[in-house]
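The tour goes from the whole chain down to a pair of residues.

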Amino acid sequence: MKNGRCSGCSGTEVFHQAGHHAQSEKITLKTGVLSKGTAPDRYVCGSCGRVELYLVEGEDLELVRQTWNRVAPGS
Ligand SMILES: [Zn+2]
């Protein structure tokens with residue numbers, strides 16, 4: 001999606017909006033007492049309606065690397 005081509009239907013009418021704190025789509029990065037959420041960047045395909053959310057490189061992605069379970073390639 002980030003390259004302007006839909007990863008679902010291969011259409012090229014893809015729209016993008018940067019994450020904003022007031023949007024309702026949030027990703028919970030960490031649960032518990034010190035819970036932490038973030039507002040991901042959003043991409044929408046104008047052909048099939050597919051929606052994809054992306055964390056911005058940096059602090060948020062680093063927290064995921066440190067605390068989430070990695071999926072083994074090919075699993
Ligand atoms: Zn599509």
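Helices and strands here are DSSP runs, a helix having at least four residues and a strand at least two, and they are numbered from the N terminus. The model is a predicted one.

Start with the whole chain in cartoon view. It has one helix and five strands. Trace the chain from the N terminus, and the elements come in the order β-β-β-β-β-α. How spread out is the chain for its 75 residues? The radius of gyration is 14 Å, well over the 11 Å from the globule rule, so the chain is more spread out than a compact globule.

Keep everything selected and turn the model along its principal axes. The C-alpha atoms fill a box of roughly 40 × 35 × 20 Å. Burial can be coloured next: 4% of the 75 residues count as buried. Among contacts with a separation of 6 or more, 47% are between residues 24 or more positions apart.

Now select β1, β4 and β5. These three strands form an open sheet in the order β1-β4-β5, and their pairing is antiparallel. Select residues 14–17 for β1 and 51–54 for β5: both strands stand at the edges with a single partner strand each, so one side of each has no neighbour in the sheet. On average, neighbouring strands of this sheet are turned by 20° against each other, direction ignored.

Next, select β4, residues 41–45. Four bridges join β4 to β5, and the two strands run antiparallel.

Note on methods:
Residues are numbered from 1 along each chain as its sequence is written. This is a predicted model: local features need pLDDT of at least 70, side-chain atom pairs count only at pLDDT 80 or more; totals for chains, interfaces and linings use all residues. Two strands pair if DSSP finds at least two bridges between them. Axes are lines fitted to C-alpha atoms, for helices over the stretch in contact, and angles run from 0 to 180 degrees between N-to-C directions. The radius of gyration is taken over C-alpha atoms; the globule rule is 2.2 Å times the number of residues to the power 0.38. A residue is buried if 20 or more other C-beta atoms lie within 10 Å of its own, exposed if 12 or fewer, and partly exposed in between; C-beta atoms are placed from the backbone. Two residues are in contact if their C-beta atoms, placed from the backbone, lie within 7 Å.
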